[in-house]
Amino acid sequence: MERRRAAFQSGLAVFAAAVAAWWLPQVLELFSIINATVYTAMAVLALSLALVWGFGGILCFGQAAFFGLGGYAYAVGALNVGDTTWAIPIALLVPTLAAAALGYVMFYGRISDVYMGVITLTVTLILFNFINSTAGEEWRIGAAPLGGFNGIPATPPLNVPGDPGTPLTPEQIFVVALACLAGCYVLCKLILRSHFGRVVVAIRENELRASLLGYDVRLYKLGIFTIGGAMAGLAGMLFANCVFVSPTMFSLAYSGQIIIWVMIGGVGTLFGPVVGAMLLQALTAWAGTLPDINPNLILGLVLVVAVLAIPRGLQPTLAGLLRRREAP
Amino acid sequence: MTALLATENLTMRFGGVVAVDGVTLSIGERELRCLIGPNGAGKSTFFRCLTGQYRPTSGRVLWRGRDIVGLEPHAIARLGIGIKTQVPSLFDGLTALEGVALGVRRLHGEREARRRALAALDRLGIADLAGATVGLLAHGQRQLVELATVVAPEPDLIILDEPTAGMSAEETAGTAALIREMSRDHAIVVVEHDMQFIRAIAETVTVLHQGRVLVEDTAPVVLSDPRVHDVYLGRPPEARQAVPA
Amino acid sequence: MHRRTLLAAGGLAAPLVMQHAALGADPIKVVGIHDASGGLDIYGKPMIACLDFAVEEINAAGGLIGRPLAVTNYDPQSNIQLYTQFATQAATKDKAAVVHAGITSASREAIRPVLKRYNTLYFYNTQYEGGVCDRNAFCTGSTPAQNVSRLVPHVMKKWGKKVYILAADYNYGQITSKWVTKFTRENGGEVVGLDFFPLDVTNFGPAIQKIQAAKPDIVMSVLVGGAHISFYRQWAAAGMKSRIPMVSTTLGGGNESLVLSPEEGDGIICAFSYFQEVDTPANKAFLAKFKAKLGASTPYLGGELAMRSYVGVNLWAEGVRRAKSIDRMKVIEALESGVSFAGPPGLTTLDPKTHHTTVDVFIAEVKNKGFQVLETFPQSPPSDTQSVCDLQKEPNASKQVVVDIKT
Amino acid sequence: MDAILATGIQALTGIASLLLVSLGLAIVFGMMRVINLAHGEFLMLGAYSAILAVEAGVNLWVAMLVVAPVCVGLLGAVVERLVIRRLYGRMVDTMLATWGLSLALIGAVTMAFGNSVAGFSAPLGSVQIGAYSTSGYGLFLIGATVVLLLAVWMVLRFTPVGLIARGTMQNAGMAAALGVPTERVYALSFAAGAAVSGLAGALMAPFSGVVPTMGTAYIAKCFITVITGGAAMLAGTATAAGLLGSVNTIGTFAFTPVLGEVLMLGVAIVLLRLLPQGITGRFFRRAL
């Protein structure tokens, strides 16, 4: 039964993405397409945290670090390599290695959960401060100036593979983003149904019991943390193609935001955080349009109320309601 | 014949306190050994030194002749040792079957793991709990599920830390029967301080007192040894002579 | 800075002000993108006020080619990423005839490529580090060859040869400090120290310490934004105000001279292509009308940033009148045929080859919350950009040439 | 010689400001184990209440030393009653609720006072040290921090209130069993922590520009200082502030302010890696 339900959910996700990819570009004008691409990129980032925190039990305050690294790696790669198709593996490799290195230091260093939150936060802050101070001429990698506070506005967008001359149009980039979101969702489903995924979830449930059954808890945590890092890097690459890379990608705001989305969407689920990400970004945007109300006030109050009212987040509460109705 | 598991004057010191003081014992293949002693005798500390949760201050722990001090708990478990901790340690969010199958899955394929897990649950008479979420089960049922989790991968040695804690007399008797039946194909070390339970299992018993081995003999001898009673009642054992068997 | 980025992920702050004139024909869309909140609001608010004022004047005089102007102002809240989103919105959704946008050079470099890609005419109305060579962009503010080139010799004559530079850590600060170094050396001086500060730094204790160690004759501040104002405050608190004089290429651009007390501000010398205290009849008349319209909320028009927005709109309007159309290429060609505008800051003439402006440049000193003009340099050409850019020869250029000096 | 002295004072000022802003968190997080991500905003509100008081004609020193702590202390009590009280023991939920609170406070202050940089110039003029002159206010700040640290230490160490507070935090059940009104103790402790943060914010106002988002610059540094400090909240936070503060100042002098910051954060990570329980996890274990 379990296998059938997971397959159905994956199929539904792919179908929804296909419909959106085909229908939306015809309906929305260009500006909303670009915004939708930003929403999708941020949803992939939220998914990476849903996997690492929701299933791996690792509350990481630093997903923005891998998000930024992915973006910057893509920008530097694209500027140095003519065909941006080769920038994609670079954009994924750098955050993956960074996540593996940071993960190794933390999990093999016996760091407790609270301190892990602080370390990931600190690493993100270090990267922000560092990148923010690379405005000088001497900070360049090959043909790509890091640009410090300015970021790298002249990042070439993805181009049709093999044909550096024709960059993808914003509509095509939107379709690529949706494909990445659906692909990551299905990948998460596959991982969680695999033996590796089951052990990761078991470790979240009870780390000692898992190690007493012969599983090296540090290795599995490192594995899921690295996959999360790669996914966050992918989100960074997508972001670099619809906005542009700048130090703000490493800022506290991004790390904090996605924690809010996963929390409200529902920790321990995949679909919840994605919906949470879309809804809350729309809410933030709508709040921005109100003449004299500051969006932070609304978002802050929404979060406080959500925490007090829905301890385990939107989706499980809804799912809980559904299950209660189904139960005999 | 090298012992399955042996310790050579194993010592564990916390600052000034010596919890385990030079304990030497050895356990053969398929032997059922009980380790008893009053509270604070160092039983749990000794147990944690075996499982790798503590790194002993000095001395050696030999698994089939190989020193395993310093190995991570998961490495020790992979040698073929099933470990049940004093506080029940289970996957509350998973179903009983999923939790039990997980241990076996490390050694066998998906389908085989499920089959063996169901078999283990059945052997413990709790096959009906297979689909139940462990977190919602009663205490006694959780102990049985944990036993199944430990037994399912068919380890060569099973170490149990107070398996009957919090059990009713009737459940304790049931567990004793189970352990006797399991000892046919596994070596078992049981750490307990429940006298009735030890009498029911009636195998070799080692008595620990203040971190040292006080007596090591068959159950009937040990249970009638007045020093053991003194130790449990808090009188210093040295006051008496060893009563000849 | 960080928290504002909360909106970046989807920030779509709608236009603050939507203005329509009464004239019948459908309005010409003019879009302004300036920071009205966050650390850069001290520059943004006066610029927006002047831009709106210029549009109103034009509408009052019957609009352009018989059509009224409709201005939409977006507030990127001192966050560069929102600049690109609003520039795209202006170009693709609003289909603006012209976009007046950008305060920091960082925001300019973020939106210049976007507006070029979507073929939307772009005006950058503030002083900057020079070198932008882009047919689609018009930079109406003064450049180092006009202001720094006169400021450095002026203060070196007065105070001495050794200069210590404090600059904001992004492209404006980096490149302007190169120009300051170049002009200091050319006038026989020496740069004894150079420190860069990210925009959100507020603790300048160690920096003040370093300056005292270097014992310079002059401190040159190329600091930008609200947070850096605390440098001037800490400099005065450390009692350094009377010991080492200070010159700045940016102070006065916003309301710094108002926020700082006389003890903290007086005596600092700056150079801009406009000061509110410039006493020409045109300026007096403008200020009267401006105050009459805005009354109590009239912003103080310190340095040239706000005034250049007013002049920029008028230069564009002149281009439209001459081209008799709002088609981008026609307006560009009209503007390249030599357009000038006699306004409050004096005569501003567009240089066809670089799309920069020849302007009058003034050196002034902060005097109890205002400025006192010391020297005037009429009609100084943008010689730095002219030496590296000729849009007639390479029309589809779109780059920024940085002065290279051996530091 | 005076260069070294002046640099020393600069280092001390850096350490003092880091300790000052972290002290309130040492009480709320160190003692009560409540992760308060709105700590930065309590500092900001301290600064704003001082400025408003000064603008309303209140003497500068009264505004900073009395008005700010009282206002933020009251706010702390209200926040504890409405939000924190329901979330004791639920670490992640407290973190997210206080994060929401921090956003709401920034939003509210931005709406009320706008974004422009308020603030007042530092009192106490300048002081001459050999060839160097530095602001007298920096010296005052060092003194104020030491006095505040001693005051908090003495209250916790010697007064019955302090004893009850510490006891309750370590074992609320037992304290209740002994007749201690634990609910009220929690409320008072949180309010005290908030008051200290408010005072710190007000004292820092002349130094740093006061904007609604000034709290974000401090939040990470405060947490890192308290956590690196470890179990003993006052001794730990003080030693950590001393170490990290000096690394930051040295880095700033030797390189650039940014590298000073990066160096400090790097040292903090290495420390956490070597001493997972923090400095006082290993040294000064008995200290408060």
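**Close-up views of a predicted four-chain model**

**View 1. Chain B and chain D, without a contact.** Chain B and chain D share no contact, and their closest C-alpha atoms are 14 Å apart. A contact here is a pair of residues whose C-beta atoms, placed from the backbone, lie within 7 Å. Chain B and chain C are likewise not joined by any contact, with 35 Å between their closest C-alpha atoms. The model is a predicted one, in which local features need pLDDT of at least 70 and side-chain atom pairs count only at pLDDT 80 or more, while totals for chains, interfaces and linings use all residues. Residues are numbered from 1 along each chain as its sequence is written, and chains are lettered from A and ligands numbered from 1 in the order in which they are written. The scores of the model are ipTM 0.82 and pTM 0.85.

**View 2. The contact between chain A and chain D.** Chain A contributes 35 residues and chain D contributes 33 residues. On the side of chain A that touches chain D, two or more residues come from each of helix H5 (113–132), helix H10 (252–265) and helix H12 (295–309) of chain A. Helices (H or I, at least four residues) and strands (E, at least two) are DSSP runs numbered from the N terminus. By class, this side of chain A holds 23 nonpolar, 10 polar and two charged residues. In this division Ala, Val, Leu, Ile, Met, Phe, Trp, Tyr, Cys and Pro count as nonpolar, Asp, Glu, Lys and Arg as charged, and the others, Gly among them, as polar.

**View 3. A:Ala306 in helix H12 of chain A.** A:Ala306 lies in helix H12 of chain A. A:Ala306 counts as buried because it has 21 C-beta neighbours inside 10 Å. The cut-offs are 20 or more other C-beta atoms within 10 Å of a residue's own for buried, 12 or fewer for exposed, and partly exposed in between, with C-beta atoms placed from the backbone. A:Ile264 is 42 residues away from A:Ala306 along the chain, and their C-alpha atoms are separated by 6.8 Å.

View 4. An unreviewed UniProt entry annotates "transmembrane region" over residues 6–27, 60–84, 96–117, 137–156, 186–211, 223–244 and 250–275 of chain D. UniProt positions are given in the numbering used here, feature names are shortened, and annotations may be inferred rather than shown by experiment. Residues 60–84 of chain D are 92% helix and 0% strand, with end C-alpha atoms 32 Å apart. Residues 137–156 of chain D are 100% helix and 0% strand, and their end C-alpha atoms lie 28 Å apart. The average pLDDT of chain D is 85, and 97% of the residues score at least 70; pLDDT is the predictor's confidence in each residue, from 0 to 100.

**View 5. The contact between chain C and chain A.** Here 31 residues of chain C meet 34 residues of chain A. Helix H2 (80–93), helix H3 (105–117) and H5 of chain C each give two or more residues to the side of chain C that touches chain A. H2(C) gives the most, eight residues. This side of chain C comprises 14 nonpolar, 13 polar and four charged residues.

View 6. The UniProt annotation "domain: Leucine-binding protein", from an unreviewed entry, covers residues 27–370 of chain C. Over that span the chain is 42% helix and 22% strand, and the end C-alpha atoms are 39 Å apart. Five of the six residues of strand S2 (residues 28–33) of chain C are buried. S2(C) pairs with strand S3 (residues 69–74) of chain C in the parallel sense over six bridges; strands pair if DSSP finds at least two bridges between them. C:Gly32 has C:Asn73 as its bridge partner in S3(C). Helix H1 (residues 41–60) of chain C carries the chain from S2(C) to S3(C) in a right-handed β-α-β crossover. Right-handed is used if, with the strands pointing away from the viewer, the path from the first strand over the helix to the second runs clockwise. Strand S4 (residues 98–101) of chain C runs parallel to S2(C), joined by four bridges, and C:Ala101 in S4(C) is the bridge partner of C:Ile33.

**View 7. The open sheet of chain B.** Four strands of chain B, in the order S2-S1-S4-S5, form an open sheet with antiparallel pairing. Strand S2 (17–27) and strand S5 (66–67) of chain B are the edge strands, each pairing on one side only. Five bridges link strand S1 (residues 5–14) and strand S4 (residues 58–63) of chain B, and B:Thr7 has B:Val61 in S4(B) as its bridge partner.

Definitions and conventions. Contact = placed C-beta atoms within 7 Å.
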